[in-house]
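Please look over the model below before reading on. My notes follow as numbered points.

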Amino acid sequence: MELLAQILANGILLGGLYAVMALGLALVWGVLNIVNLAHGAFIMLGAYASWHLYTYLGIDPFLGLPLTALLLFALGYALQRGLLNLVVRAPMFNTLLITFGLEVVLTYLAQLAFSADFRTINPPYAGSNVQFGGVVLPLVRLAAFGVAIVLTVGMWLFLLHTRLGRAIRATAQNLLAARLYGVEPRHLYAVTFGLGLALAGAAGGLYGTVSQINPYIGASLTAKSFAIAIIGGLDNPLGVIVGGLFLGIVESLTTLYIGPTFADVASFGILVLVLIVRPSGLLGRTA
Amino acid sequence: MLPRLFFRFPSVILPCLLAALSLPAAAQEITLGASVQLTGPVANTGRYYRDAYQIAVEKINAAGGVKIGAQQYKLALKLYDNQSDVNLSVRQYTQLVSQDKVQLLLGPFASNFALADSAVSEKYKVPMVQGGGASDQIFSRKFKYIFGTLAPASNYFGSTIDMLKALKPAPKSVALLYADDAFDVSVAEGTRPKLKQAGLPIALDERYSTNATDFNSLLSQIKSKNIEAVLVAGHETEILNFVRQAKSLAVAPKMYSFTVGVPSEDFRHALGADADYAFGMTAWLPSAAQKDRWFGDAAQFASEYKQKYGYDPDYHAASGVADVEALVQAMETAGSMEPQKVRDALAKLKFDSLYGPVAFGANGQIDLPQVVIQVQGDGLAEIYGANGFVKQPKYPMPAWNAR
């Protein structure tokens, strides 16, 4: 029983991390209709940014998250204005190609700049934990979970209640109507992409603290984020949390009861099921 | 037509002339070809092979090169980056043999690569000496042109299990975790009967996906079943995650041992103080007792290597150097660089090197004992070898909050 409680706790905490990773991807996909295949590579860049801030400037990875997010926001804004705006209304295939190319370029630039050595962000409290009964909760994962909830709810409130958030949603729903109301789509798209990357940057900082960083972590993170975004749905940031938690718990239980090699089978199996049964995601609007 | 040919005359004749001029020089050179992982997820270990091949070739050339009959030949190296992609590496080996016409082949890193690439050497009947693939699968196909200088995967945990029996108190239960690739599956298949023979019950036996990042469920099971010894066959990234997550979940078995990572400086650096107490194994340590024709001995090699590349060599690097040396020794004994003759000489080869005594079994694989090593404080300690304990292990491992 204790083992089951521990496994569920592991799954929930893992799910929180998954949710932050997928949040940026879901936002960009939902608003810009760009499936950003370079999303994982931006998480990787965020992780390296956090690592450098921690290693050379001694900035705590959690306190450094806003800084990392800001750096990636700037990068995202520039990339969208300079590069991705060229394909924003092009067929899906073109955006896939360009973001895939971006992924390859970023990965190899990262190897050139940072080498293939493994890095870990290892603050003194990285291995600490708190215990509830017999269940051990790693402190860093707990904090990452907290950050995930804050970011998701924050994103939700931002989209619902701020002028900019409403403009973003309006543009996603009906570009023509939004323009008639004075929304400047180019700026708005760049802000959205910047926000997506800022979230990826934050996720990277958290990821480097619980796992390890090398230039090649991106591709598998993109795949995972993609699955979570589909499972949760793109309409609502809360869907991403639900998708992340769901996936985290399912993977943990699969590892316990069936075997670790089946964790991926389970998560991508669920992805297929969701696509068949609820194509707009668990929390998505039904058509 | 004719004027045009005249017009092209210089561009046609010049390369021919140049080729004719450089022909005698080219004949003085023997090219060894290899495809290694310089980029991609395993570039981190792949670089050992590039660096080892280069330093060996330079050193051998500086000493005069290869002597075949009365003539001295220089060695040259043709390296491709396979981007950690098995399919690309097979294509590159095919290109090395069929288009670049290299004389002999050196290997890639990792068993799954060597497993696929050895099919190329076999098909073209060009011997490949590889120091990057240890899986028994590579050598169980009755191939004639593949030789390996890594000790068999099935025996990686052999010395560790001998040590476990000798520990007081010996661990009561063992977990065996392994990744789903050629090398790690071979390790697990070899380890299971050895544990059984030693009377150590396997309480958890799980295969996980290569590149898995989440070990929380496995670690929770280790804790809940009170497993005392954990043997993991995997890749460095997985093992880094395993150790970090063990700490964060406060899982501290009496000992854990890993097939890779522990001997490598980069790995210990990434984990910092958390690397302490981890066991591993190596078939090679830079000892001055291991004499070498070109480098003097293993200790001199290690310092020369470190000076040149800025990081310590581990057994991968030593194994890579042994591969180059084996090819050179074989060419010299065969008195030829013809693939067939070199192959026959390799099969009978016996020489001492910085890597240890090199001789290949009937299946083409070397047999070297694995020494158990442990991270103790900042350094690596040699713990258990063929003659029992060399140094006392730090055992049992203390709880994480008691360090």
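**Notes on the model**

1. Part of what covers the buried residues of α6(A) is helical: α1, α5, α7 (175-180) and α8 (185-210) of chain A are included. This is a predicted model, and the remarks here should be read with that in mind.

2. Helix α6 of chain A spans residues 163-173, and its buried residues are Ala167(A), Ile168(A) and Thr171(A). They lie on the same side of α6(A) because the arc they cover around the axis is only 100 degrees.

3. The contact between chains A and B takes 34 residues from chain A and 34 residues from chain B. On the side of chain A that touches chain B, two or more residues come from each of α1 (2-32), α4 (92-114), β2 (135-138), α5 (139-161), α10 (237-257) and α11 (263-277). The largest share, six residues, is that of α1(A). Sorted by class, this side of chain A has 13 nonpolar, 15 polar and six charged residues.

4. The domain assignment divides chain B into domain 1 (25-151 + 286-358) and domain 2 (155-282 + 370-402). A distance of 30 Å separates the C-alpha centres of domain 1 and domain 2 of chain B.

5. Where these domains of chain B meet, domain 1 gives 14 residues to the contact and domain 2 gives twelve residues. Helix α4 of chain B (residues 111-124) supplies three residues, the largest share of the side of domain 1 that touches domain 2. That side of domain 1 of chain B is made up of six nonpolar, five polar and three charged residues.

Notes
Residues numbered from 1 in each chain as written. Chains lettered and ligands numbered in written order. Predicted model: local features only at pLDDT ≥ 70, side-chain atom pairs only at ≥ 80, totals over all residues. Contact = placed C-beta atoms within 7 Å. Helix = DSSP H or I, 4+ residues; strand = E, 2+ residues; numbered from the N terminus. Nonpolar A, V, L, I, M, F, W, Y, C, P; charged D, E, K, R; others polar. Buried ≥ 20, exposed ≤ 12 C-beta atoms within 10 Å, placed from the backbone. Arc of directions from axis to C-beta. Domains from an automatic or database assignment.
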